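Good morning, and thank you for making time for this item.

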Amino acid sequence: MPGPTDAPPPREHRRRVLKRAAIISGINDSVVQCTIRNMHEHGAELVVHAEARVPGEFLLFVPLDNIGYRAELRWRKRDRCGVSFHGTEPKPSWYYG
């Protein structure tokens, strides 16, 4: 029988949001538009077009907050994907979104 220390850690509370964002990758400075559905300090759930290419690592820029999150793709299912954050960066100078 599993002991109390074998239980998985509790999930972080994710705030429900509806924010426009852009997935910016270094490959030819490509941009994929997306929507953030919920987020917390360490990650978010995104809605992207089901056929859009989402790289393994990218900058997720949120214009409303004027902040870019260094993100890593954790999972993807159809038009939804989950990402984890690994720091922040300023908006790239070439991006006008």
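Which residue stands opposite G68 in β6? That residue is E89. Please keep in mind throughout that we are looking at a predicted model.

Let me place this position in its surroundings. G68 and E89 face each other across two strands, β5 and β6, and these strands run antiparallel, joined by 8 bridges. In general terms, strands of a sheet pair through backbone hydrogen bonds, in either the parallel or the antiparallel sense. Strands β5 and β6 also form a hairpin, with 2 residues between them. As background, most residues other than glycine have a negative phi. R78 is exposed, because its relative accessible area is 64%, and the threshold for exposed is over 50%.

N66 is not a glycine, yet its phi is positive, near 50 degrees. N66 sits in the loop between β4 and β5. With a relative accessible area of 57%, N66 is likewise exposed.

I turn now to the overall fold. The protein chain contains 0 helices and 6 strands, so that its pattern along the sequence reads β-β-β-β-β-β. The 6 strands form a closed barrel with antiparallel pairing, in the order β1-β2-β3-β6-β5-β4. On average, neighbouring strands of this sheet are turned by 45 degrees against each other, direction ignored.

Strand β3, residues 43–47, pairs with β6 in the antiparallel sense over 5 bridges, and here G43 stands opposite S84. Strand β1, residues 15–24, is joined to β4, residues 57–62, by 3 bridges, again antiparallel. In that pairing, A22 stands opposite F61.

Next, the side chains. How many aromatic pairs does the structure hold? The number is 1. The partners are Y69 and F85, with ring centres 4.4 Å apart and planes at 20 degrees; the pair therefore counts as stacked, for which the planes must be under 30 degrees apart. Y69 belongs to strand β5, residues 67–77, and F85 to strand β6, residues 80–89, so the pair links parts of the chain 16 residues apart. Both Y69 and F85 are buried.

A disulfide, in general, is a covalent bond between the sulfur atoms of two cysteines. This structure holds 0 disulfides. C34 takes part in none, and its nearest cysteine sulfur, in C81, is 7.1 Å away. C34 counts as buried at 5% relative accessibility, and C81 counts as buried at 0%.

Finally, some figures for the chain as a whole. Of the 97 residues in the protein chain, buried residues make up 37%. The chain exposes about 6600 Å², and carbon and sulfur atoms supply 51% of that area. Among contacts between residues at least 6 apart in sequence, 45% join residues at least 24 apart.

Thank you for your attention.

Definitions and conventions
Residues numbered from 1 in each chain as written. Predicted model: local features only at pLDDT ≥ 70, side-chain atom pairs only at ≥ 80, totals over all residues. Heavy atoms only, no water. Phe/Tyr/Trp six-rings, centres within 6.5 Å; stacked < 30°, edge-to-face > 60°. Helix = DSSP H or I, 4+ residues; strand = E, 2+ residues; numbered from the N terminus. Buried < 20%, exposed > 50% of the residue type's maximum accessible area, 1.4 Å probe, protein only. Pairing = 2+ DSSP bridges. Disulfide = S-S within 2.5 Å. Contact = heavy atoms within 4.5 Å. Areas by Shrake-Rupley, 256 points an atom, 1.4 Å probe, with all protein chains shown as cover. Axes fitted to C-alpha atoms, helices over the stretch in contact; angles between N-to-C directions.
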